[in-house]
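Reader: Please take a close look at a single part of this model, the place where the two protein chains meet, and then go on to what surrounds it.

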There are 2 protein chains.
Amino acid sequence: MQDLYSDFHSIFSVDCVIFGFDKGELKILLIERGEEPYMDYLALPGNIVGEDEDLDAAAGRVLNELTGLNNIYMEQLHTFGEVGRHPQGRIITVAYFSLIKVKRHELYPKIPFAKKAEWRTFHDLPKLAFDHSIILEKAYRKLQRKLRYEPIGFELLPDKFTLTQLQQLYEVILEKEIDKRNFRKKILSYGLLTESGEKQKNVSHRAARLYRFNKRRYNSLRKIGFNFEI
Amino acid sequence: MQDLYSDFHSIFSVDCVIFGFDKGELKILLIERGEEPYMDYLALPGNIVGEDEDLDAAAGRVLNELTGLNNIYMEQLHTFGEVGRHPQGRIITVAYFSLIKVKRHELYPKIPFAKKAEWRTFHDLPKLAFDHSIILEKAYRKLQRKLRYEPIGFELLPDKFTLTQLQQLYEVILEKEIDKRNFRKKILSYGLLTESGEKQKNVSHRAARLYRFNKRRYNSLRKIGFNFEI
DNA sequence: GCAAAAGTGTTAACTTTACACCCATGT
DNA sequence: ACATGGGTGTAAAGTTAACACTTTTGC
């Protein structure tokens with residue numbers, strides 16, 4: 001090992017791409033950096049991986065320190081390792097990816113590395129720190145792909161949601177219009193939505209039914225080879 | 001940067017998962033290790049990334065040094081960074097993924113780190129060095145997914161191939177039987193295969209037509225939103 | 001009573017599936 | 001002449017796509 005390490009030293013970091021959905025818009029969770037380089041820039045929540053820390057664990061810890069979020073399941077997106085990507089040296093970053101419900105979580109950075117953490121509208125962003133705009137672009141393409149083949153829209157909506165909210169989510173993320181009747185027919189045909197029995201309140205039009213996603217049913221269907229697709 | 005690096009030092013490596021297809025079997029390109037640890041074990045071609053080397057470039061260089069292959073386009077698969085994955089210390093590895101034509105390439109390791117490089121039958125492998133069996137498992141799942149949604153089977157076959165060869169490739173990799181007439185109808189309907197005009201030679205049955213994959217046509221169809229699926 | 005979004009069904013076009021026999025070639 | 005794999009078509013079932021009006025609610 002000695003000779004391996006004598007060669008050259010490097011660092012790896014994790015960056016977290018966390019998508020949300022609110023008021024009909026796709027959101028992304030960013031921090032405002034409190035340190036150089038890229039002081040005051042918006043950036044993905046990310047930091048150095050510890051010596052005795054698994055990558056997945058590091059992603060969870062870093063996200064918690066910088067945003068206050070806890071126990072968020074993330075999956076790996078891609079590793080970015082271009083020689084010049086970090087101005088301070090050779091830092092390779094493993095990007096992680098998750099979808100969460102905006103309303104459910106409060107945001108409060110625990111270390112001054114992040115001045116604040118906030119939801120920003122994905123379709124209206126300035127240039128981010130480092131190569132984070134590139135990372136985000138890749139994450140968005142993955143989100144679009146996943147949305148079509150896995151029932152992940154529900155991760156982004158409140159527990160109870162209307163079919164119109166769900167349809168708007170698909171339209172915003174896939175960037176295309178969808179026929180209302182066909183959408184409802186298809187999504188209901190899977191039997192993955194349960195009527196909550198409740199309706200919208202205080203809306204100045206006919207109140208829509210609120211549905212819940214039936215995750216248990218999805219898991220058992222998946223075991224017998226069911227493939228979601230929209 | 002100084003304080004970053006004072007924290008702790010780490011190493012990253014790349015490992016290459018190269019699939020091939022020959023005599024009706026899925027193949028994987030492995031090396032026999034010429035060094036400790038895991039001396040004499042079969043392993044994925046992989047090694048340490050250089051200080052001033054992009055990850056993608058490192059994957060290409062390492063593959064060349066260990067197998068003699070050159071100019072192989074690889075895409076990233078996943079990064080494996082569990083704390084205990086390497087017996088000699090904290091080594092995170094970025095796995096790469098490619099499909100190539102077995103017959104087209106000769107194999108000869110250029111450095112003694114690999115005693116030899118050879119094609120092995122994927123479905124009949126011993127335990128590999130390090131966590132390479134896990135990496136390979138993940139690569140295989142990716143191969144299955146990609147095969148259904150991208151016309152990648154052709155990367156694994158000779159330039160000219162019969163429809164039966166192509167169908168067998170799908171059957172072996174997807175691990176299921178496919179109806180001959182329906183398969184032919186569908187694959188031909190895309191218009192991505194060109195008849196070469198030639199037929200098989202020296203076969204003791206009716207000689208099959210040899211087809212070529214029309215990559216240019218695929219690229220132009222893709223631009224206008226075509227999605228391959230089998 | 002009006003504005004706003006919810007909710008609903010049918011038809012035609014297309015895609016998928018299931019299925020069996022004759023053909024060409026080498027031995 | 002036989003063994004081997006090559007090559008072909010149809011009909012029924014299922015899926016997708018296109019399309020417009022009535023209902024409920026708050027103001």
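**Where chain A meets chain B**

In contact across the interface are 30 residues of chain A and 30 residues of chain B, contact being heavy atoms within 4.5 Å. The model is a predicted one, in which local features need pLDDT of at least 70, side-chain atom pairs count only at pLDDT 80 or more, and totals for chains, interfaces and linings use all residues. Residues are numbered from 1 along each chain as its sequence is written, chains are lettered from A and ligands numbered from 1 in the order in which they are written, and side-chain values use heavy atoms, with hydrogens and water left out.

The size of an interface is often given as the accessible area lost when the parts come together. Here chain A and chain B bury about 3000 Å² between them, with 59% of it on carbon and sulfur atoms; this is the accessible area (1.4 Å probe) lost on putting the two parts together, summed over both. The rule finds 13 residue pairs in polar contact across the interface, both residues at pLDDT 80 or more. A polar contact is a pair of N or O atoms within 3.5 Å; within protein, one must be able to donate a hydrogen and the other to accept it, and residues adjacent in sequence count only if both atoms are side-chain atoms. Salt bridges across the interface number zero by the rule, which asks for a side-chain nitrogen of Lys or Arg within 4 Å of a carboxyl oxygen of Asp or Glu.

On the side of chain A that touches chain B, at least two residues each come from α1 (2-7), β1 (11-22), β5 (75-80) and β6 (91-99) of chain A. Helices (H or I, at least four residues) and strands (E, at least two) are DSSP runs, numbered from the N terminus. β5(A) gives the most to this side, with four residues. By class, the side of chain A that touches chain B has 14 nonpolar, nine polar and seven charged residues. Ala, Val, Leu, Ile, Met, Phe, Trp, Tyr, Cys and Pro count as nonpolar, Asp, Glu, Lys and Arg as charged, and the others, Gly among them, as polar.

The surface near DNA strand C (a heavy atom within 4 Å of it) has four nonpolar, five polar and 11 charged residues. A polar side-chain atom of B:Arg181 is 3.1 Å from a base nitrogen of DNA strand C. Two or more residues of this surface come from α6 (180-189) of chain A and likewise from α6 (180-189) of chain B.
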